[in-house]
Amino acid sequence: MPKRLLMPLLALLSAPALAAELQLEVEIPRLQVAEYHRPYVAIWLEQPDHSHAANLAVWYDVKLKDKEGEKWLKDMRQWWRRSGRSLEMPVDGISGATRAAGKQSLSFNSDDAPLKQLAPGEYNLVVEAAREVGGRELLRVPFTWPPEKTESHSAQGSSELGQINLQITP
Amino acid sequence: MHTLVKWTALTLAICLPLSAQAHRAWMLPSATVLSGEDPWITVDAAVSNDLFYFEHFPMRIENVGDVSEQPAGQRARQAAKLQVTAPDGSEVKPQNGAIGRYRSTFDLHLTEKGTYKLAIANNGLFASYKKDGEMQRWMGSAEDFAKQVPADAEELKVTQRSSRMEVFVTSGNPDDAVLQTTGAGLELAPITHPNDLFAGEAAEFKMLLDGKPAAGAKVHVIPGGNRYRDELGEIKTTSDAEGKISITWPEAGMYWLEAEISSAEGVSAPATERRASYSATLEVLAP
């Protein structure tokens, strides 16, 4: 190999690997109802046996005084059971206000929690939505972590959720 | 001015369902899984046929409304003693109690996180005998038995009866301090936490009689809402040699569980037989 290429090649080989990414788009449907409230949404990762792996986001009414918004967290039944009930809300970096109708984007980097600690394996991305004076819907998107190549997965809701698009890049 | 209905030779000192065929006595909580910092629940208590409908009598509970008066048509009974235990073992007092025509109602303020247990337990003697050619029935405490039942009673049959009725409620994360059994009577020792029940999943419980595994206890589980269907939908099972039962919930909803066991062993005079029963209202959520 020509010597002039050796240094750049070595630099390339010893450079840190680029972080894997998880990009998520969650569609909150626009609903024509007499009394509309933004849904409570929980997004988390679970193992195929449904045991909890990591929380990604929880959107609920954080503005009510005396933390009254927490009263309806249990309506996200599976999230409450698998994780929520053992948490002290709010959780930094995970909990936040409810989101408006439309496509909500989130992205996660394997340099940071929670992906940093995520062991390789099969997972489901789970999105659960519960709406005041409305219904509840839960969607699962299976994927393998870490990805070997860029992959896209999606799921389609029918009532309280629209399309969930998951893209993972190595 | 109301009339107390007095039954000759009958002093009903305790409130017990007389047999499996009698009306069912139950408590119905407004919720069993709570989130948030300041949850309350409200509980209805009634005696009725159908589950969970109020159509017969309220359950009279001490300190829940004014239980000093007995509506006409009801047998004279002493009000039941309700025990509500918080996750830390302390007692929770019912609030805003009221007694109406068909149900009693009370509120509970769940100030701690964890699992609470509501329990009403009774035990006493039940006797039947012949007097002047007529069958008489008596219910009361062991102390009153000697005073009230004639020593020369014909065809005397005395049964020791115990009953326990429970409801479990969890605020936040469930725990298991209140799941400890007392070691007296027929009890349910949960293997699956009673506030972790989901449709389609199997729950496991262990029946205990005086603290020991109760094999052969007859258990039946009835889903609420039977007014709106033809089939009772009863799930029948019997506890195995280790006292275990497993129930797979067909649907979400409130269920009434009743367990009964009879035995002639370990019964002290004057009783020749014992009948122990246990019931619970269990909430099963949709998955």
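1. Contacts in chain A. Residues 24 or more positions apart supply 63% of the chain A contacts with a separation of 6 or more. Two residues are in contact if their C-beta atoms, placed from the backbone, lie within 7 Å. This is a predicted model: local features need pLDDT of at least 70, side-chain atom pairs count only at pLDDT 80 or more, and totals for chains, interfaces and linings use all residues. Residues are numbered from 1 along each chain as its sequence is written, while chains are lettered from A and ligands numbered from 1 in the order in which they are written.

2. Make-up of chain A. Two helices and nine strands are found in chain A. Helices (H or I, at least four residues) and strands (E, at least two) are DSSP runs, numbered from the N terminus. Along the sequence the pattern reads α-β-β-β-α-β-β-β-β-β-β. The C-alpha atoms of chain A fill a box of roughly 75 × 30 × 30 Å along the principal axes. Of the 170 residues in chain A, 29% are buried. A residue is buried if 20 or more other C-beta atoms lie within 10 Å of its own, exposed if 12 or fewer, and partly exposed in between, with C-beta atoms placed from the backbone.

3. The four-stranded sheet. Chain A has an open sheet of four strands, in the order 5-1-9-8, with antiparallel pairing. Strand 5 (102–109) and strand 8 (151–156) of chain A stand at the edges. Each has a single partner strand, so one side of each is left without a neighbour in the sheet. From one strand to the next, the twist averages 15°. Axes here are lines fitted to C-alpha atoms, for helices over the stretch in contact, and angles run from 0 to 180 degrees between N-to-C directions. Two strands pair if DSSP finds at least two bridges between them. Strand 8 and strand 9 (residues 163–169) of chain A pair in the antiparallel sense over six bridges. A:S154 stands opposite A:N165 in strand 9 of chain A.

4. The five-stranded sheet. Another open sheet in chain A has five strands in the order 4-3-2-6-7, and its pairing is mixed. Its edge strands are strand 4 (95–96) and strand 7 (136–145) of chain A, and each pairs on one side only. Strand 2 (residues 40–46) and strand 6 (residues 121–130) of chain A are antiparallel, over seven bridges. A:E46 has A:N124 in strand 6 of chain A as its bridge partner.

5. Contact between the chains. Chain B brings nine residues to the contact and chain A brings eleven residues. On the chain B side that touches chain A, four residues are nonpolar, four polar and one charged. Ala, Val, Leu, Ile, Met, Phe, Trp, Tyr, Cys and Pro count as nonpolar, Asp, Glu, Lys and Arg as charged, and the others, Gly among them, as polar.

6. Cis peptides in chain B. The bond from B:L51 to B:F52 is cis, with omega near -5°. B:F52 sits in the loop between strand 3 (40–48) and strand 4 (57–58) of chain B. B:A269 and B:P270 are also joined by a cis peptide bond, with omega about 5°. B:P270 lies in the loop between strand 17 (253–263) and strand 18 (273–284) of chain B.

7. Positive phi in chain B. B:E155 is a residue other than glycine with a positive phi, near 45°. B:E155 belongs to strand 10 (residues 154–171) of chain B. B:E155 counts as exposed because it has 9 C-beta neighbours inside 10 Å. B:D210, likewise a residue other than glycine, has a positive phi near 50°. B:D210 is in the loop between strand 12 (202–209) and strand 13 (212–213) of chain B. With 17 other C-beta atoms within 10 Å, B:D210 is partly exposed.
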